[in-house]
Amino acid sequence: MTEQIGRRVPRKEDRRLLAGHARFGADVQFPRMAHVRVVRSPVAHGTVSRIATEAARAQPGVIDVVTAEDLPADLRIPVRLHVEGTDPGERLQPVLASHTVRYVGEPLAVVAAEDAYLAEDAAELVELEIDELPARLDAGSGDDEVVADFGLGYGDVESAFAGAAHVARLEFSVQRHSGVPLEPRALTVDYVPATGGVEIFGATKVPGFNRRVLAQLLDVDESVIHLHAVDAGGGFGVRGEFYPEDFLVPWLARRLRRPVSWVEDRAEHLVAVNHSRQQRHRLEVAAAGDGTILGLRDDVWHDNGAYVRTHGVIVPELTLSMLPGPYRVPAYSGRVRVALTNKTPCGTYRAPGRFEGTAAREQLLDLVAAELGMDRVELRRRNLLTPGELPHTRAMHTLGTELVLDSGDYPRLLDRALDTVDELGWRELVARGRAQGRLLGLGLSLFLEKSGLGPHDTADVEITSTGRVRVHSGGTSLGQGIETVLAQIVADEFGVSVDRVDVVNGDTTLQPFGTGSWASRSTVVAGSAVRGAGRAVALRVRELGAEVLEAAPEDVELADGVVRVRGAATARALDLAEVWLAAQPGSPWLRDGEPAGLSARHRFAVDRMTYPYGAHVCVVEVDPGSGGVTVLRYLVAYEVGRAVNPALVEGQLRGGVAQGVGGALLEEFRYDESGQPQCTTFMDYLMPTASEVPAVEIVLCEDAPATTNPLGARGAGEGGLTGAGAAVASAVSDAIGRPAMTGLPLDPGSVLAALGTVTGPAAASADGIP
Amino acid sequence: MKPAPFEYHRAYTPKEVTELLLELGEDAKILAGGQSLVPMMNFRLARPTALVDINPVSGLDYIRRDGDVLRVGALTRHRSVELSTEPDVHNGFSVLPGAARWIGHFPIRSRGTVGGSIAHADPTAEWCLLARLYDAEIVVLGEHGTRTVPSDEWFTGFLTTAALPGELVLETRFRRPRRHGTLLEYARRRGDFAIAAVAVAFDITDNRCHDVSMVLGGVANEPLRVPEAEAYLEGAEPGERAWAEAARLAAEAVTPGTGPDDGDHGYRRHLVGTLARRALAEAQAGPAGPRPRGGAS
């Protein structure tokens with residue numbers, strides 16, 4: 001069997017997904033199941049004086065109505081990702097608000113009924129008396145509740161700026177938007193009377209962490225909580241974190257002693273799941289006359305919404321730690337103030353912190369190039385770290401790890417991107433369009449990513465009765481294809497095809513030590529764990545096979561799923577099923593005390609991340625008549641170290657671009673002046689569709705294998721998104737002849753304002769609020 | 001996102017529809033294609049106590065030319081107009097198939113109806129704009145039989161019409177066929193409700209514009225005719241200069257207080273100017289003829 005790693009293997013999960021055999025959270029149904037509707041705050045900020053549930057309770061078919069009074073006192077959801085030196089204190093989110101509501105959509109009560117219609121009808125009858133308080137809606141307005149104020153940096157920034165020939169300054173804002181999986185959240189929970197435990201279907205992303213939190217909040221042993229693997233219609237960072245509903249639904253199942261189902265609807269989803277991205281940057285770069293960067297400063301206001309959720313303040317930390325990007329920045333100082341506002345609380349969204357910081361930094365570099373009269377590419381090339389400078393340590397920490405940029409060749413990646421752009425004739429395309437009087441622009445961004453976050457992941461591999469290879473991994477299937485990737489990795493240990501491999505992700509009983517799928521980590525970390533476990537099982541297969549074949553272990557080989565004596569092609573060979581049989585209890589080949597079965601557990605630990613990098617290039621056209629921006633061409637060049645499955649890497653990058661174009665041009669959670677969300681449907685929250693997303697050229701580079709893991713792989717989950725806001729902004733500013741834009745989204749109002757075409761209310765909407 | 005409780009009734013004849021509506025009272029609603037009503041019910045923005053499903057009613061799905069009048073039955077799906085290759089449609093009313101392509105997305109066009117759109121009276125809806133552009137008459141059936149309402153009396157405000165309780169739209173009669181016509185819209189995404197839309201129709205004889213109509217959508221509570229631009233273009237020589245002046249007049253018609261979103265009128269005004277100029281130029285180039293099925297627009 002040829003090596004499976006590196007092949008464009010079709011996705012294993014597609015068979016069930018395309019045939020309608022997938023099982024999503026809401027597909028799991030039980031008899032006697034109660035259906036839940038969450039009653040949410042209709043006001044942005046207020047004091048709750050009374051919640052009257054009698055009318056709702058009196059409805060036929062209503063089983064229970066629950067408010068904070070019915071819960072254990074002051075239950076709050078803890079932080080999963082701590083940033084050293086920060087303390088969210090009283091601002092962790094309660095599972096149900098009691099005295100104060102802080103955003104529209106905050107859970108106040110839960111109605112359980114015999115069906116979802118009755119639950120929604122009854123939820124309307126829960127009477128809320130809330131005395132409205134003034135809503136705080138802007139971070140950095142001067143009247144702020146700052147929940148964290150911290151800095152990251154290194155070097156002598158003061159001297160760098162004092163001695164600089166040129167200083168460029170830019171204010172840049174990024175709008176509130178987030179990951180919007182096509183499947184909203186869903187939870188089905190079955191109650192187990194014998195143990196008092198719960199069987200949970202619908203959790204994704206970090207089942208191990210969620211089980212731990214739930215066990216603590218319910219005050220039960222983790223072993224009575226079983227989170228099952230289900231399919232998920234997209235994750236993007238928002239799905240699968242521990243939200244209030246992740247407590248309320250299991251808690252209700254135990255209270256009612258019956259199965260409970262909750263399916264989020266889209267209107268809820270858009271006010272309930274983590275929002276993200278809203279930041280305002282004030283950047284300064286100190287440069288020598290020739291464009292050499294001497295120092296970089298950034299002062300960031302991060303709008304975190306009403307509470308600190310499971311991500312703590314990791315998103316703005318990632319903004320600061322990753323801001324210098326792939327460049328040689330001798331001195332850097334970043335400060336962020338994380339402010340709370342009366343809007344939906346925030347968390348991570350694919351490329352958290354980096355989409356924002358990359359857009360701000362790259363626009364700053366466009367600006368300094370313009371101010372120095374230099375070519376944008378030349379300025380970047382001059383400042384890129386060279387292979388000889390790697391590994392490059394920045395005296396900062398991020399995600400609790402030391403920031404050491406591992407191997408790489410950044411200038412080569414830039415060359416490869418631009419060579420492809422030249423081959424594709426994009427410069428000529430822009431020139432031709434301009435000759436016809438059209439506003440075309442070419443945009444470029446370079447970015448640094450991070451991936452492969454540890455500290456560990458665990459995988460189990462076993463051989464089953466028909467000689468199949470079974471994997472219980474700690475990753476979760478969010479639609480990204482991780483099952484296929486893990487199957488490819490383990491298949492090579494046995495010389496079999498991926499068709500002989502079964503992968504179960506995210507089941508807390510089968511794999512209690514899983515760390516989940518996030519932070520572009522699963523191929524790298526879970527993959528390395530699977531490889532280790534597979535290797536251990538393969539060793540055992542060879543050992544036991546040698547016993548059966550009456551040969552020395554070093555004389556047998558395992559290839560094509562068969563153990564045979566090396567160099568003796570005609571000799572007797574054992575397939576994996578036969579070796580499995582030899583490992584069964586009672587087998588004459590098992591020695592006394594030797595465990596039965598062919599299985600192994602492996603824990604892969606890594607204390608540093610691996611840093612992928614890339615470039616985005618795009619061509620846009622601006623219509624001065626409407627202010628509309630059309631993305632005509634798009635290219636991503638990305639260093640992935642080693643692509644386990646190039647087709648899936650490309651798919652990840654393309655999907656990222658789709659979201660990046662949405663974030664650059666369309667998607668925004670807007671609020672009115674009283675804090676009412678204005679984007680609670682897909683008519684108002686503008687997701688890009690097939691009509692808005694361009695075809696994407698991919699330059700997939702495997703020029704710099706990662707040194708932090710045995711696969712040499714770098715994560716690929718986020719790089720399609722990281723540079724998108726920056727590249728589109730660069731292209732728009734190029735199209736309209738401005739040195740830099742001042743924020744996202746590049747909506748018609750702000751584009752026309754930058755063009756100087758429209759004055760008046762729309763023109764003032766640089767923040768996108770018309 | 002589950003609708004509040006409602007009764008469901010099915011009607012088989014127009015008369016049965018009106019009888020049911022009168023019996024069920026003012027909170028009963030007609031269900032045709034359901035492309036606006038059902039989402040509004042799911043959001044509980046609309047809470048009809050009862051629905052009268054008119055899809056089983058036969059004889060309301062047609063496009064018929066009657067001299068200078070194009071009669072479109074209420075249950076005609078958007079998609080039927082879009083795909084029409086009938087010379088009766090394309091000679092004089094070529095705007096209709098072209099305009100249908102702007103309506104939402106494929107499933108919406110397959111299910112939604114012309115009569116439903118006229119009855120719903122969204123100020124950006126294509127059929128509402130064209131009803132005003134072609135001085136259409138709306139034929140409705142009520143308690144006392146049929147009556148015909150001119151389109152300038154039909155649209156009475158945001159999502160409101162001159163329909164009386166119990167009345168059912170039977171037909172829209174588009175009149176005054178003209179050789180040149182276009183409807184253009186702008187939305188941030190293909191298929192969304194237009195931020196603004198402009199429809200124009202006119203004839204050109206002896207290199208002069210005649211019989212000019214211009215309607216704006218999305219800038220007022222109902223489709224807005226622009227008599228200033230129409231008067232200016234009457235007898236004008238077709239061409240960029242005339243189009244630019246007419247577009248300026250169209251943009252001037254967008255005033256604060258006329259739009260659903262007053263704060264945005266500066267942008268809408270600019271957009272209307274753009275769309276009007278482009279629509280006039282496109283219309284001048286002549287009727288496009290039937291578009292290939294599935295072709296790009």
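A quick word before moving on. This is a predicted model, where local features need pLDDT of at least 70 and side-chain atom pairs count only at pLDDT 80 or more, while totals for chains, interfaces and linings use all residues. Residues are numbered from 1 along each chain as its sequence is written, chains are lettered from A and ligands numbered from 1 in the order in which they are written, and side-chain values use heavy atoms, with hydrogens and water left out.

**Stay on chain B**

Switch to cartoon and you'll find 12 helices and 14 strands in chain B (DSSP runs, with helices being H or I of at least four residues and strands E of at least two, numbered from the N terminus). The radius of gyration of chain B is 19 Å, close to the 19 Å from the globule rule for 297 residues, so chain B is as compact as a globular protein of that length. That radius is taken over C-alpha atoms, and the rule is 2.2 Å times the number of residues to the power 0.38.

Now colour by burial: 54% of the 297 residues of chain B count as buried, meaning under 20% relative accessible area with a 1.4 Å probe, protein chains only. For contacts (heavy atoms within 4.5 Å) in chain B between residues at least 6 apart in sequence, 64% join residues at least 24 apart.

**Now select chain A**

Here the cartoon shows 19 helices and 28 strands in chain A. With a radius of gyration of 27 Å, close to the 27 Å that the globule rule gives for 770 residues, chain A is as compact as a globular protein of that length. Its C-alpha trace spans about 85 × 70 × 50 Å along the principal axes.

How much of chain A counts as buried? Of its 770 residues, 63% do. As for contacts in chain A between residues at least 6 apart in sequence, 81% join residues at least 24 apart.

Technical notes. Buried < 20%, exposed > 50% of the residue type's maximum accessible area, 1.4 Å probe, protein only.
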